[in-house]
Amino acid sequence: MDFEKNEAHLEGERLLVEHRQDDAATGPRPMLPSRRRTISPRKIAVTVSLVLLAIFSFRVFAPDSFARWAPSCISGFGIHGDDYNTQGVGDHYLLGVGKADITGPVVEINLMGYADPKQLGTGLRQRLYSRAFIVGNVDKPDGRFVYLVLDTQSGDTAVRYGIIDALKALGPSYAVYGHHNVAVTGTHSHAGPGGWLNYLLPQITSKGFDRQGYQAIVDGAVLSVRRAHESLQPGYLSVGTTKVLGANINRSLFAYLANPEEERARYNISTEDDGSVEKDMTLLKFQRASDGKNIGVLTWFPVHGTSMLGNNTLIAGDNKGVAAYLFEKSMRDEDTAADDFVAGFSQANVGDTSPNVLGAWCEDGSDQMCSFENSTCSDGRSQSCHARGPMFRVKDDGASSCFEIGKRQFEPARALYDQLNREPTPIQGSLVKSFHTFHNMSGFNFRLPNGSEATTCPAALGYSFAAGTSDGPGAFDFTQHNGNENTTSPVWRVVSRFLKDPSDEQRACHHPKPILLDVGEMHKPYQWTPNVVDVQVFRVGQLVIIVSPGEASTMAGRRWKEAVHDASAVMFQNDAVSSSVPSPIVVIGGPANSYTHYITTEEEYSVQRYEGASTLYGPHTLAAYINVTLSFLPYLGARGAAPPDHTLFPPDNSNRSLSFVTGVVRDGTSLFKSFGGVLEEVETRYIKGEHVKAKFLGANPRNNLRLEKTFVAVEKLQEPLVKGIWKSVRDDSDWGLVYHWRRTSELMATSEVEVVWEIEDWTEPGVYRLRYFGDAKSLGGTITAFEGASSAFTVVD
């Protein structure tokens, strides 16, 4: 395709120039009024290090003050009494929800997503969770599936193996859960600890495999499933769709415009919803039949978990974690909700989306937008090109923008929840079915819809993969779109061929991708990336859930969903016992089960920006996923047999992975100080919006992850004051309470903890104190718990 003459490309350039001119005159806008005008190409934050040589540096903003986190976004919602339908409509299903803590080590471990070995954790902003949703057939116990939403970068092969094995070990009642009906999805947060993935490539920047973090995820996920399983009871499902505006843009618009104009026009609805990203959020509401209370919601909406920037070192669930936090918080005193309400915010076709909705700008003093084609600045490099979130002027490593993008997802989700309470659209049909297969993408031959033959390739990554995206730029001289061995230093050609020189057949298979890392053919010391992938689909009534192992781009996800929709419609018609046949509702969730990087359309692949270069199995990757999905789809029909047993399995590297992660040797104290002792005290009086800070003599939090507990808390003195009764009112789960850890002496093994409470506008006046809970390790290995408390202080209006 001649991009110089492509009309859609020229239109994108024209709109980009207009946007630059407008911003030059008025300054960057707080929100973009037109998606086309606001979009500038950007790249994903997953920039994997080039085999220890490609050390990616991320220097965006310096830490500064944090914005206040007001709960005004959760006011004004809610319906009560007769406005709320407590009877439920539609068919009965067996429903259960559960939530559990999966927060791994919050310090000294590389964060997963930006692939920067220098981005080591230094504390905690928000705990990470696994949220489990079980849907079952009330009459057929084997007709059941569990959909897990983890606050992680993705699902993973080893993690999924660990979860399934642990569930089987719980006893006969859990034997129903296995490969066919367990989906492990990640919210794609780039602010969680790494080191838990199955394959070598993502392990490189985290110094290999971290057993502690892996086990925290597996154990927490299993606990969430147990809680969902133990709460199973009959109930109803209702579903709805709403628009979410201002929460995502397309960071690779140049690649998106390569798709056929007539196809793009089908999704171009308005200036705010121009089709370049999906604005639809689908919400599934879980309502128990016993008292009509709602027990949870599960949503699907695409936006990258890259609001927290590459220089952030605090663990958090990113914008999806914020959305879930706000939704669950809004349910605490809600008449329509049961106790322990669970809100899952799952990803969708997230591949080319970004939460940094102000676009990509050159942080080189020019204040110009990055180039449209390859996201570079005046020096021809990508390092200065950074995407801007809605609150980018607040120097807090993206925390303010993260909260805002989470809020922009929560608010329409909550409004849709209220609408479904008044006027539910029920899921109908008793069928609850699922299938899963492991499929080898290395040399898969199949027929395309037009009758021609196609083949996938062993996994490989292109030169533009190393360029990263505007959400998290890469290093050196790699660029998107035009990166190859002729436009980069000759050293990369030497490194590439030293690791694995691709055969002529492999190069031809991946064309036009110039191969940088032939990862699918690299097996020492163990496999670098997966060639065997998960293909999985769930069905309940008319709802069909595609569980994607990779990050499908906007258009790739649409094509996948459309193919499944059309095939499901025929299947529903064939299964019909009456003239009334509901239309299929198809959603896509992921990245799940085993992370397979990206899935782009063939047209986007030809452009070879970051997403196309990260599409592992060649130009026919998407078509192969669709082919396999459709071949298994009949198993979800009313007359469909049980799906076949698995005969092919990917490797589980959890017990053979390399690890250079050092453990905690010991913790030491300062002279005349004990663990938990206050080093810097609070002030005596604060007003709302200010930050309360105290420092304590600390210990390494890797000694005890305090799962289902907390490192820090805010306690309020209860009435009457004379009795001295303190009640915890904030803990690690709250966004506005932040835990910072810092090593002060390697020789003396001393450290300090700073606790920061960003006082919310809704805080009640009163007397408060900060608490710190830690665990110290002796040289002999004994771990001892301790506590610390600040002096009391007063919060006033």
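User: Hi! Which cysteine forms a disulfide with cysteine 370, and how far apart are their sulfur atoms?
Analyst: Hi! Cysteine 370 forms a disulfide with cysteine 385, and their sulfur atoms are 2.2 Å apart. A disulfide here is a pair of cysteine sulfur atoms within 2.5 Å. Before we go on: this is a predicted model, where local features need pLDDT of at least 70, side-chain atom pairs count only at pLDDT 80 or more, and totals for chains, interfaces and linings use all residues. Residues are numbered from 1 along each chain as its sequence is written, and side-chain values use heavy atoms, with hydrogens and water left out.

User: Is the link of cysteine 370 and cysteine 385 left-handed or right-handed?
Analyst: The link is right-handed, with 115 degrees about the S-S bond. Cysteine 370 is in the loop between S15 and S16, while cysteine 385 is in strand S16, 15 residues apart. Strands (E, at least two residues) and helices (H or I, at least four) are DSSP runs, numbered from the N terminus.

User: Are cysteine 370 and cysteine 385 buried or exposed?
Analyst: Both are buried. Buried means under 20% relative accessible area, exposed means over 50%, and partly exposed is in between (1.4 Å probe, protein chains only).

User: How many disulfides does the whole structure have?
Analyst: A search of the whole structure finds three. Another one joins cysteine 362 and cysteine 377, with sulfur atoms 2.1 Å apart. The torsion about their S-S bond is about -105 degrees, so this disulfide is left-handed. Cysteine 362 and cysteine 377 are buried.

User: And what about cysteine 457?
Analyst: Cysteine 457 forms a disulfide with cysteine 509, their sulfur atoms 2.0 Å apart. That link is left-handed, with -90 degrees about the S-S bond. Cysteine 457 lies in the loop between strand S19 (453-455) and S20, and cysteine 509 in helix H11 (residues 504-510), so the pair ties together parts that are 52 residues apart in sequence.

User: What pattern do the disulfides follow?
Analyst: Counting bonded cysteines along the chain, the pattern is 1-3, 2-4, 5-6.

User: New topic: how many aromatic pairs are there?
Analyst: The count comes to 29 aromatic pairs. Rings of Phe, Tyr and Trp (its six-membered ring) pair if their centres lie within 6.5 Å; planes under 30 degrees apart count as stacked, over 60 as edge-to-face and the rest as tilted. For one of them, phenylalanine 133 and phenylalanine 286, the ring centres are 5.5 Å apart and the planes are at 45 degrees, so the pair is tilted. Phenylalanine 133 lies in strand S4 (residues 129-136) and phenylalanine 286 in strand S10 (residues 280-288), so the pair ties together parts that are 153 residues apart in sequence. Both phenylalanine 133 and phenylalanine 286 are buried.

User: What kind of pair do phenylalanine 465 and tyrosine 610 form?
Analyst: Phenylalanine 465 and tyrosine 610 form a stacked pair, 6.1 Å centre to centre with 20 degrees between the planes. Phenylalanine 465 is buried, with a relative accessible area of 1%, and tyrosine 610 counts as buried at 0% relative accessibility.

User: Which residue has its charged end over the ring of tyrosine 267?
Analyst: That is arginine 558, whose charged end sits 3.9 Å from the ring centre of tyrosine 267. A charge sits over a ring if NZ of Lys or CZ of Arg is within 6 Å of the ring centre and within 35 degrees of the ring normal. The charged end of arginine 125 also sits over a ring, that of tryptophan 735, 4.9 Å from its centre.
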